[in-house]
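Subject: Structure for you to look at

Hello,

Here is the structure I promised to pass on. Please open it alongside this note. My findings follow below.

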Amino acid sequence: MTPRTIVTVGAGQAAAVAARNLRRHGFDGRILLIGDEPHPPYQRPPLSKEYLSGAETAESLWILPEKWRAANDVEVLTDTTVARVDPATRTVELAGRTPIVADAVLFATGGSPRRLTVPGPRPDLVHYLRSLDDATRLVPHLQPGCRLAIIGAGFIGLELAATAATAGVAVTVLETAPTPLAAALGADMGMLITALHRDNGVDVRTSASVTDLRTTGNSVLIGSGTAAEEFDIAVIGIGITPNVASAAASGLDVDDGIVVDDAGRTAIPHVYAAGDVARRYSARAGCHVRVEHFDNASRQGVAVAGAMLGRDAVNDDPHWFWSDQFGRNIQSLGTIRGTPVLRGDRDGLDFTAFYFDGPVLCGALSIERGEDISIARELLGRHVEPTALGDEDVDLWDLAYSDQENEEHTEVTA
């Protein structure tokens with residue numbers, strides 16, 4: 001079936017990229033993106049960094065600017081909630097609006113912040129950072145002297161900490177784990193980034209479980225096994241949960257996300273899912289995985305647009321993500337585990353760590369060496385001499401395009 005009307009439930013990164021690629025591939029039918037926020041699709045990564053610091057405006061975040069939407073006849077319906085999609089007719093049922101019949105439907109509903117119960121009279125002093133409106137509410141508070149508590153030392157929490165501390169805010173970070181980011185980057189790299197924050201004045205407290213969280217008339221009281229401390233505001237950053245309510249109501253298979261095949265198809269014909277909400281089958285991992293980052297949402301948006309048009313281009317590339325903290329660019333590719341081979345100046349935070357699964361390169365992490373990550377993409381899954389990677393006199397591009405590229409590549413879990 002060639003679809004004539006394609007509707008996305010959700011209007012974020014994955015939906016916007018899918019819309020762009022549908023038009024690039026010549027689809028000339030109706031495209032309608034339905035989002036529950038009051039804004040057109042926008043980029044989330046700058047929210048914790050450039051937008052909070054004032055370096056970027058809301059308009060600079062738009063993924064599909066109004067002029068492009070008009071030129072490409074792509075509709076965006078904002079402030080609208082999808083109740084369910086009828087699996088038999090693909091009728092998209094909207095809260096308080098006329099239903100829309102679609103030929104193909106893409107669920108790209110993303111996720112919502114995990115929340116904590118906070119008693120007290122000033123709930124407005126406790127924030128989350130997921131949406132543009134969340135960030136806009138935070139901006140006025142990030143002034144010198146403000147006492148900010150961040151609960152959770154994941155990437156969003158630490159990016160916010162860096163942005164706020166740079167603005168002169170007194171930042172305290174409370175993390176339940178012994179080492180921030182250890183699950184994603186390993187304990188050694190987690191400690192290195194924690195040290196970066198402490199060296200820049202952030203009070204990072206680890207193994208700190210919040211046992212008391214409440215507001216008073218003008219402050220937030222937080223206790224973590226000791227007497228409660230007073231802060232002007234708090235931001236809770238303890239992860240997200242996938243937004244699956246409308247998918248579940250539509251009869252889709254939901255298991256920590258919407259279960260889809262490698263191309264983003266659900267078990268219901270012509271219904272797809274992509275982005276943070278999708279639990280996609282990965283041949284590389286040998287199981288279904290749900291991944292929460294910008295690059296994954298973009299790649300899935302491309303893949304699912306192709307699937308809708310019958311031109312499958314499954315993407316199962318190793319995961320890649322980045323973070324910017326205190327002027328340092330951090331990038332991670334593939335699987336980060338075990339003891340790495342280091343190239344560069346670790347103590348000076350100018351290096352790349354290469355990770356191996358036996359003799360095969362399976363991952364890389366860099367600080368201030370983004371080009372090394374580009375080269376590592378070419379080397380992943382190959383037998384690489386560790387000493388060569390660690391030798392600054394060896395040109396990594398020579399390794400990438402040596403005779404080794406004629407060898408049979410070995411697939412690894414990433």
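How many bridges join S5 to S6, and in which sense do the two strands run? Two bridges join them, and the strands run antiparallel. Please keep in mind throughout that this is a predicted model.

The sheet with S5 and S6

Start with the sheet that holds this pair. It is an open sheet of three strands, in the order S4-S5-S6, and the pairing is antiparallel. S4 (82-85) and S6 (100-101) stand at the edges, and each has a single partner strand, so one side of each is left without a neighbour in the sheet.

Take S4 and S5 next. S5 covers residues 91-94, and three bridges pair S4 with S5 in the antiparallel sense. Val82 has Leu94 in S5 as its bridge partner. Val85 has Val92 in S5.

Then go across to S6. Thr91 stands opposite Val101 there.

The hairpin of S4 and S5 has five residues between the strands, and Arg90 takes a positive phi near 55° in it. The hairpin of S5 and S6 also has five residues between the strands. There, Gly96 takes a positive phi near 75°.

The chain as a whole

Now zoom out. The secondary structure comes to 12 helices and 26 strands. The radius of gyration is 23 Å, close to the 22 Å that the globule rule gives for 414 residues, so the chain is as compact as a globular protein of that length. The C-alpha trace spans about 70 × 55 × 40 Å along its principal axes.

How much of the chain is buried? Buried residues make up 52% of the 414. As for contacts, take those between residues at least 6 apart in sequence: 60% of them join residues at least 24 apart.

The accessible surface comes to about 17,600 Å². Carbon and sulfur atoms hold 49% of that surface. On charge, there are 35 positive and 56 negative side chains. The centres of the two sets lie 7 Å apart.

Strand S1 (residues 5-9) is mostly covered, with five of its five residues buried. In a regular strand the side chains alternate between the two faces of the sheet. Which residues of S1 sit on each side? Thr5, Val7 and Val9 are on one side, with Ile6 and Thr8 on the other. All of these are buried, and both faces of S1 are covered.

S1 pairs with strand S2 (residues 30-34) in the parallel sense, over five bridges. Ile6 stands opposite Ile31 in S2.

The second pair is S10 and S11. Five bridges join S10 (residues 147-151) to S11, and the two run parallel. Ala149 has Thr172 in S11 as its bridge partner. S11 (residues 170-174) is mostly covered: four of its five residues are buried.

The loops on either side of S18

Most residues other than glycine have a negative phi. Where does Asp256 lie? Asp256 is in the loop between helix H8 (245-249) and strand S18 (258-260). Its phi is positive, at about 50°, although Asp256 is not a glycine. Asp256 is partly exposed, with a relative accessible area of 42%.

His270 lies in the loop between S18 and strand S19 (271-273). Phi of His270 is near 65°, again a positive value in a residue other than glycine. Is His270 buried or partly exposed? His270 is partly exposed, at a relative accessible area of 26%.

Arg265 is found in the loop between S18 and S19. Arg265 is partly exposed too, with a relative accessible area of 28%. What does Arg265 touch, leaving out residues up to four places away in sequence? The answer is Val259, Val260, Val271, Tyr272 and Asp312. One distance to note: the C-alpha atoms of Arg265 and Ala18 are separated by 14 Å, while the two residues are 247 apart along the chain.

That is what I have for now.

Best wishes

Notes
Residues are numbered from 1 along each chain as its sequence is written. This is a predicted model: local features need pLDDT of at least 70, side-chain atom pairs count only at pLDDT 80 or more; totals for chains, interfaces and linings use all residues. Side-chain values use heavy atoms; hydrogens and water are left out. Two strands pair if DSSP finds at least two bridges between them. The radius of gyration is taken over C-alpha atoms; the globule rule is 2.2 Å times the number of residues to the power 0.38. Buried means under 20% relative accessible area, exposed over 50%, partly exposed in between (1.4 Å probe, protein chains only). Contact means heavy atoms within 4.5 Å. Accessible areas come from the Shrake-Rupley method with a 1.4 Å probe; for residues, only the protein chains shown count as cover. Lys and Arg count as positive and Asp and Glu as negative; His and the chain ends are not counted. The place of a charge is taken as NZ of Lys, CZ of Arg, CG of Asp or CD of Glu.
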